[in-house]
Amino acid sequence: MHRPDRSTVLRAAAAIAGVALVACVPFVVQDRYLLRILTLVGINLVVVSGLSLLFGYAGQVSLGHAAFVGIGAYGSAYLSKAGWPWLLAVSAGVALAAAGGLLLAMPSLRLKGHYLAMATLGFGEIMFVFFDNAEAITGGSDGLQQIPPASFGPFQVTTPEGNFWLVWAFVCVSLLLVHNVVRRRPGRALRAIHGSEMGATACGVDTVRAKIEVFVVSAALAGLAGALMAHYIGSLSPASFTLHRSVVFLTMVALGGSGSLFGSVAATVLLTLLPYVDSIVPGVSRQVAGFLQDWEPDIYALVLISVMLFLPRGLAGVGRTVAARAREWVARPAAGGEGSAT
Amino acid sequence: VDTAGILQFVVAGLKNGSIYALVALGFTIVYASTNVINFAQGEFYMLGGMLGVFAFSSLGLPLGLAVPVAVVATACIGALVEILFVRRRKDGEPMPLIIITVGVSMLLASQARHWFGSDELPLPPFTPGASLSVGGAAIEVQTLWIWGLTIAAVAALTLLYDRTRLGLAMRACMQNREAARLMGIDTAWIVMMSFALAAMLGAIGGVAVTPLTQTRFDIGTGIAIKGFAAAILGGLGNPLAAVAGGLVLGLVESLSIAALSTVAQGSSTYKDAIAIAVLLLVLFLRPQGLFVRATKEKV
């Protein structure tokens with residue numbers, strides 16, 4: 001019917017190359033601390049892939065995604081401490097987060113944008129109160145310790161390399177899932193919503209249903225990230241699931257650029273690594289990293305504001321502009337020479 | 001619980017409710033002129049208290065001077081936020097502006113931590129004196145200050161809207177910003193004044209409550225949620241409804257704590273969840289507010 005065009009083939013090749021590159025990382029990176037940071041990058045990526053779907057494609061803002069990460073984390077940790085096998089506990093954590101997403105989405109996605117933002121903020125705060133106080137389940141402000149590591153039957157994933165591969169395998173699955181949602185009919189419906197919600201409704205798009213679906217998927221991915229994190233780190237504390245975290249995730253998606261998965265990935269890697277710059281770039285002193293950690297909220301806030309003011313299309317927009325300029329520049333001397341093979 | 005006990009909860013509810021009303025008015029004023037929910041509104045409340053402590057303890061100003069200085073300084077910060085961040089987004093799209101205010105909120109809280117540290121900071125009561133006893137309930141003198149300042153602020157706001165050219169221009173902007181601009185009203189200036197006014201109201205609440213509760217760099221989000229809950233309970237965009245919403249929310253919160261504390265011991269840990277539950281219920285069941293008729297969105 002339709003031959004894959006050159007850019008599709010290129011994209012697929014780039015994706016495969018990317019996966020291969022990531023798979024090789026543990027062989028190249030000997031520093032265990034760095035490997036740990038890169039694993040945390042992967043966990044953030046799972047959240048951001050879902051949030052990118054919600055914010056970047058459907059244009060909906062969530063200020064409560066840290067709560068879904070928390071639901072997945074506490075749910076999975078609690079159940080596996082109660083003796084559930086890892087895979088079952090993680091699945092249950094994801095299901096709980098998805099259910100929470102559905103519960104929040106059904107009433108609130110009928111609301112306009114700013115009400116939705118406030119509803120998700122309220123949900124996040126109420127869940128934080130729960131994480132911080134429900135001692136029987138979440139351990140209260142002390143949190144949970146000694147969460148069993150990931151395991152398949154008798155085989156436990158305890159090495160840094162093993163955890164890296166495990167988390168990044170889920171990153172690939174999440175990105176693939178989101179990519180597919182974007183390319184197919186739901187994605188087109190989403191872009192229509194982003195353009196004009198009333199217009200989309202008039203064209204027969206069930207906008208509320210599409211938004212609810214996307215919200216549930218993004219909540220489930222956040223829950224997955226939380227579950228992965230719980231078993232990887234081995235302990236949980238409510239401080240990881242605050243509004244601050246939700247804004248951090250939002251900043252990553254915003255910097256990536258709406259409607260670009262690749263941009264979100266780049267932004268997440270960049271922003272997650274920033275406070276650890278001293279262990280990545282040689283020659284950067286510990287003090288610089290310390291300053292960056294102390295000023296992390298300011299940096300995120302300024303990035304978020306600057307993107308909204310000066311880079312509405314995010315890193316992806318910058319990338320597209322640069323690519324277009326480069327193409328022009330390459331095409332100029334060869335004008336009329338190669339031509340586009342269609 | 002006896003009558004005096006209930007009366008005590010009513011006093012507490014009306015005290016907190018006045019504070020929520022001030023913050024809710026801030027939301028309403030900015031929303032009316034920009035169609036944007038200012039997520040940084042709670043930070044103005046925080047800054048009012050923090051700058052009050054700074055002016056009093058670090059600069060050594062007398063309290064009677066430190067409080068107005070803090071309020072005016074916060075109003076200037078509010079105007080600055082509008083000039084630096086909000087105004088630059090020229091298209092006025094609500095969603096990016098909301099995200100900008102989320103960033104501003106995080107920035108202001110973090111800056112407050114850098115400047116004033118992360119400790120709880122105290123302020124003495126505005127005037128010394130023993131608590132009054134009314135029907136068995138104790139009313140602290142500072143609570144009277146909170147009520148007095150709230151009434152004064154609402155009265156001043158009413159006068160501003162009814163009797164001044166600025167108020168007239170603000171009301172025109174509320175009804176139709178584009179038409180107001182075409183009539184020669186400097187809408188950019190109105191928006192800036194709205195932010196300054198909203199910051200001022202938040203700061204009055206924040207500095208007035210600090211002698212009772214102390215203050216900290218991270219209290220902005222909590223009060224923003226409560227103030228917004230109050231604003232939406234009344235119906236967003238209507239100043240008088242915002243005040244009513246604040247008082248209703250304060251009473252509901254206080255009386256539910258009273259009811260819960262008789263049922264279960266130690267349930268006050270969940271008291272912050274009550275206002276959020278009210279917020280979510282109103283959002284889901286009656287987003288237009290209790291006192292305002294619903295309108296249909298048109299293309």
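Putting chain A and chain B together buries about 3500 Å², and carbon and sulfur atoms give 80% of that; buried area here is the accessible area, taken with a 1.4 Å probe, that two parts lose on being put together, summed over both. On the chain A side, A:His114, A:Tyr115 and A:Met118 lose the most area to chain B, together 18% of what that side buries. This is a predicted model, so to speak of local features a pLDDT of at least 70 is needed, side-chain atom pairs count only at pLDDT 80 or more, and totals for chains, interfaces and linings use all residues. Residues are numbered from 1 along each chain as its sequence is written, chains are lettered from A and ligands numbered from 1 in the order in which they are written, and side-chain values use heavy atoms, with hydrogens and water left out.

Let's stay at the interface for a while. Counting contacts (heavy atoms within 4.5 Å), chain A puts in 40 residues and chain B 41 residues. Five residue pairs are in polar contact between the two chains, both partners being at pLDDT 80 or more; a polar contact is a pair of N or O atoms within 3.5 Å, where within protein one must be able to donate a hydrogen and the other to accept it, and residues adjacent in sequence count only if both atoms are side-chain atoms. On chain A, the helices α4 (86–108), α5 (113–133), α11 (243–256) and α15 (296–310) each supply at least two residues of the side that touches chain B. Of what chain A brings to that side, α5(A) gives the most, with 13 residues. Helices are DSSP runs of H or I with at least four residues, strands are runs of E with at least two, and both are numbered from the N terminus. Sorted by type, the chain A side divides into 29 nonpolar, seven polar and four charged residues. In that sorting, Ala, Val, Leu, Ile, Met, Phe, Trp, Tyr, Cys and Pro count as nonpolar, Asp, Glu, Lys and Arg as charged, and the others, Gly among them, as polar.

What about salt bridges? The rule asks for a side-chain nitrogen of Lys or Arg within 4 Å of a carboxyl oxygen of Asp or Glu, and it finds one across the interface of chain A and chain B. That one pairs B:Arg113 with A:Asp294, the closest N and O atoms being 3.0 Å apart. Over all chains, the count comes to seven salt bridges. Within chain A, A:Asp278 and A:Arg286 meet in one at 2.5 Å, N to O. The cut-offs are under 20% relative accessible area for buried, over 50% for exposed, and partly exposed in between, with a 1.4 Å probe and protein chains only. Chain B has a bridge of its own between B:Arg87 and B:Glu82 (2.9 Å, N to O); B:Arg87 is partly exposed at 33%, whereas B:Glu82 counts as buried at 2%.

Now for the inside. The largest nonpolar core has 182 residues, and those with the most contacts inside it are A:Leu63, A:Leu236, B:Ile37, B:Phe39 and B:Phe228. A core of this kind is a set of buried Ala, Val, Leu, Ile, Met, Phe, Trp, Tyr and Cys residues joined through side-chain atoms within 4.5 Å. Helix α10 (residues 207–233) of chain A supplies the largest share of this core, 16 residues. Have a look at B:Ile37: leaving out residues up to four places away in sequence, B:Ile37 touches A:His114, A:Tyr115 and A:Met118 in chain A, and residues of chain B including B:Phe27, B:Ile98 and B:Phe228.

A:His65 sits in helix α3 (residues 65–81) of chain A and is buried, with a relative accessible area of 0%. The side chain of A:His65 makes a polar contact with that of A:Ser62 at 2.8 Å.

B:Asn35 is in the loop between α1 (3–34) and α2 (41–58) of chain B, and B:Gln214 in the loop between α8 (187–213) and α9 (220–234) of chain B.
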